[in-house]
Amino acid sequence: MTKSSRYDKIAFVASPSSEAQAAFGQLTGQYGNCDPDEADVVVALGGDGLMLQTLHHHMRTGKPIYGMHRGTVGFLMNEYSTHDLRQRLETAHESEINPLLMRATDVNDRVHLHHAINEVYLFRQTSQAARLRILIDERERMPELIADGIIVATPAGSTAYNLSAQGPILPINAALLALTPISAFRPRRWRGALLPNTAYVVIEVLEDDKRPVAAVADHEEVRRVRRVEVLSDKSISMRMLFDPGHSLEERILREQFGY
């Protein structure tokens, strides 16, 4: 008699690349392909972009997501193999993450709500640097930042755009957010801040008519914003599965030591 698994019903999703599509055909032929609404687990085949899309799509379902690398960047993915997938799922370690909620008000006073798993960032739309005012928990912390922009990153996103902007790498279980400037001009030596993940971050755009700024939550962009509010949405928890020794915690730790 075959032993029952917590992950008998698997839903596969794949990026459009030929490599991912070939893997999709091989795995669905071997394990079947369940409707995502009825599945015990969703297996994403591609790169980090597909993983973010899959996490967004299943954000409120509570379903665990397991990624296998068939794309370009695979920081959030496990190694690809067709061998004994259900056993890999059974022994996988789970990481739970909360997304950021961005509330962006544009210059026409329209409000845009978007979630971000990696980061929320603001950036200049023209050749002129942005002028930004920063408030944390309704207290002004920086009256004026002149920069190309600023990033609010989660631990999961701290190795993405945040790291490219010289921001800190955060352990996945750290109750922190990284606030990182993008090419700061004034104050020139400000390198950002570490905030508790309970922080309510408000970024106001100064001279929004002369120096327009856009705001992005992962891949959702809002142009010509006036005010952006960011907080960690504790009402949503997403579950990511990683092979033993290949956990997100372990990979973030490796990144901090440069290997």
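This is a predicted model: local features need pLDDT of at least 70, side-chain atom pairs count only at pLDDT 80 or more; totals for chains, interfaces and linings use all residues.
The chain splits into domain 1 (8–95 + 235–255) and domain 2 (98–230). UniProt, in an unreviewed entry, lists Asp48 under "active site" and also includes Asp48 in its "binding site" annotation.

**The binding-site annotation**

- The "binding site" set from the unreviewed UniProt entry runs through Asp48, Gly49, Asn118, Glu119, Asp148, Ala156, Thr159, Ala160, Tyr161, Asn162, Leu163 and Ser164.

- Asp48, the residue UniProt lists for "active site" in the unreviewed entry, lies in helix α2.
- Asp48 has a relative accessible area of 14%, and since anything under 20% is called buried, Asp48 counts as buried.
- Leaving aside residues up to four places away in sequence, Asp48 touches Val73, Gly74, Phe75, Leu76 and Met77.
- Gly49 is also in helix α2, which covers residues 48–57.
- Gly49 comes out as partly exposed, at 42% relative accessible area.

**Ala160**

- Ala160 is found in the loop that links β9 (139–153) to α4 (161–164).
- With 27% relative accessibility, Ala160 is partly exposed.
- Once residues up to four places away in sequence are set aside, Ala160 is in touch with Asn118 and Glu119, both of which are in the "binding site" annotation too.

**How the two domains meet**

- The C-alpha centres of domain 1 and domain 2 are 29 Å apart.
- On the contact side, 13 residues of domain 1 meet 15 residues of domain 2.
- Together the two domains bury about 1,300 Å² between them, with carbon and sulfur atoms giving 75% of that area.
- As for salt bridges, the count between domain 1 and domain 2 is 0.

Terms used. Residues are numbered from 1 along each chain as its sequence is written. Side-chain values use heavy atoms; hydrogens and water are left out. UniProt positions are given in the numbering used here, feature names are shortened, and annotations may be inferred rather than shown by experiment. Helices (H or I, at least four residues) and strands (E, at least two) are DSSP runs, numbered from the N terminus. Buried means under 20% relative accessible area, exposed over 50%, partly exposed in between (1.4 Å probe, protein chains only). Contact means heavy atoms within 4.5 Å. Domain bounds come from an automatic or database domain assignment. Buried area is the accessible area (1.4 Å probe) that two parts lose on being put together, summed over both. A salt bridge is a side-chain nitrogen of Lys or Arg within 4 Å of a carboxyl oxygen of Asp or Glu.
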